[in-house]
Amino acid sequence: MADESQETTTSLLHHHGQPGWLRRLTTSLRLKTSLLSELSGSVGDLGTYIPIVLALTLVSHLDLSTTLIFTALYNIATGILFGTPMPVQPMKSIAAVAVSEMPHLTVSQIAAAGICTAGTLLFLGVTGLMSFVYRFIPLPVVRGVQLSQGLSFAFSAIKYIRYNQDFTKTTSTKTTDPRPWLGLDGLILALACVLFLIFTTGDGGRRNEVDGTGSSGTITTNQRRVEKRLRILSAVPSALIVFFLGIVFCFIRDPSIVNDIKFGPSRFHVLKITWDDFKVGFIRGAVPQIPLSVLNSVIAVCKLSGDLFPGTELSATKVSVSVGVMNFVGCWFGAMPVCHGAGGLAGQYRFGGRSGLSVVFLGLGKLMLGLVFGNSFVRILSAFPIGILGVLLLFAGIELAMASRDMNSKEESFVMLVCAAVSMTGSSAALGFICGTVLYLLLKLRELDCSAFPFSRLTSKSRVEDETIISP
């Protein structure tokens, strides 16, 4: 008994003597599923990341090497800090304005827009206002924002698959030039990837236990076989296989890529951002981006994290501060403005990411590419089959949209669907959020107990008197 007590005390002393940063590191990077699943989940958000980075590089002359290195460091840091597959995604509104509106935003103006957006989120996080907003936003409104974002990703993904895309002109998907059936970026290849991902990943869940039992309460032989097959399929790093297939096809489609590769990163330099750059960046880039970052990059991410990882819902303050700090560092060096996107989290979860180790793997991969290939890696990305990117984006969008399936009443579903519809048709998550919130409050006002108000008591008394006169 004494030996057991001494052993327990020694274990406790060893645990408490472990440095806090080491405990955080081991907890965040502890495997929650197989290593292959974490590797597969690490590429789950590239369907959004690659098209936007490619468009900004080709149109706005963004420094790809700097962006890869800084986003790699962000991935590693957030994986350790949050302990979940927290994504690092481009700020989509800023990117859309930068490459689709004339005149195009310069790199300094893009960076200024990112710094202004980051400053706003950092202020909301440090002052506690973000947590206050997060605490009182109705869940159906959040689900409406998630549904609209998920369906928007899915619609864009279908267009990536069906039509040819030219990211040197815009990040939008308005082309009607149909994609050919055959070829290394044809419809048949994209559909084959879709079928492969459905067959290996199913509905995106991971079966850790048998779903049913025999009539006697025991597992039947057939059920054992089915469960074994599902476990084997779930262990296949499907998204990673599809991504590497796309990389191989890059070199097959354009063998001259090999001659254009130059090794080594570009040299870091601090951007010269003028007051006019801040003015243009704030008005054209930050103003449409701030509502989207608050709703999708903080509030929707925190809600989705709580859904996917019960008991580990992220702090809105921590996520908001994280976005602010990342961009206050990287944007000054010309890195792409980034945030945490709910779609990226859904994509990484969909393909097997369950811990911070997933995004750490992604960060290490980006860091290697940025240091080894530098800006010449844009030649590889420009030849990547867009249909395959559409396939990855499709599953990420569907996973995000499925977060809205927990609406348990017609009233909640009504609010969610109106919010989503306004967000998608109005092309503004902020407009959908406002309409959804007003609708939610109106529905609650109908059910409000007004008996405590003086006018209500007077009305009730008058009604009683009238009834007395009519029925003495």
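**Notes on the predicted model**

Q: What does Asp254 count as, and why?
A: Asp254 counts as partly exposed because its relative accessibility is 24%. Buried means under 20% relative accessible area, exposed over 50%, and partly exposed in between (1.4 Å probe, protein chains only).

Q: How were these values made?
A: This is a predicted model, in which local features need pLDDT of at least 70 and side-chain atom pairs count only at pLDDT 80 or more, while totals for chains, interfaces and linings use all residues. Residues are numbered from 1 along each chain as its sequence is written, and side-chain values use heavy atoms, without hydrogens or water.

Q: Back to Asp254, then. Where is Asp254 found?
A: Asp254 sits in the loop between helix 12 (238-253) and helix 13 (257-260). Helices (H or I, at least four residues) and strands (E, at least two) are DSSP runs, numbered from the N terminus.

Q: How far apart in space are Asp254 and Arg379?
A: Their C-alpha atoms are 9.4 Å apart, although Asp254 and Arg379 are 125 residues apart in sequence.

Q: New topic. What stands out about the phi of His61?
A: His61 has a positive phi of about 60 degrees, and it is not a glycine. His61 is in the loop between helix 4 (46-59) and helix 5.

Q: Is His61 buried or exposed?
A: His61 counts as exposed, because its relative accessibility is 63%.

Q: And Gln109, buried or exposed?
A: Gln109 counts as buried, because its relative accessibility is 12%. Gln109 belongs to helix 7 (residues 107-126).

Q: What does Gln109 touch?
A: Not counting residues up to four places away in sequence, Gln109 touches His104, Asp277, Val280 and Gly281. Contact means heavy atoms within 4.5 Å.

Q: Let's zoom out. How many helices and strands are there in the chain?
A: The chain has 22 helices and 2 strands.

Q: How much of the chain is buried?
A: Of the 472 residues in the chain, 50% are buried.

Q: How many residues does the largest nonpolar core have?
A: The largest nonpolar core has 106 residues, and Leu56, Leu304 and Val391 have the most contacts inside it. Helix 14 (residues 275-308) gives the most to this core, with 12 residues. A nonpolar core is a set of buried Ala, Val, Leu, Ile, Met, Phe, Trp, Tyr and Cys residues joined through side-chain atoms within 4.5 Å.

Q: What is Val391 in contact with?
A: Leaving aside neighbours within four places in sequence, Val391 is in contact with Ile161, Ala190, Cys193, Val194 and Leu197. There is also a second, separate core of 6 residues, including Ala111, Leu271, Ile273 and Cys331.

Q: You mentioned helix 14. At what angle do helix 14 and helix 15 pack?
A: Helix 14 and helix 15 (residues 316-330) pack at about 145 degrees, with their axes 9 Å apart. Axes are lines fitted to C-alpha atoms, for helices over the stretch in contact, and angles run from 0 to 180 degrees between N-to-C directions.

Q: Which residues meet there?
A: Ser297, Val298 and Cys302 of helix 14 meet Ala316, Val319 and Ser320 of helix 15.

Q: Last one. How far apart are the axes of helix 5 and helix 17?
A: The axes are 7 Å apart, and helix 5 (residues 64-82) packs with helix 17 (residues 356-372) at about 160 degrees. Among the residues that meet are Ser65, Leu68 and Ile69 in helix 5, and Gly356, Val359 and Val360 in helix 17.
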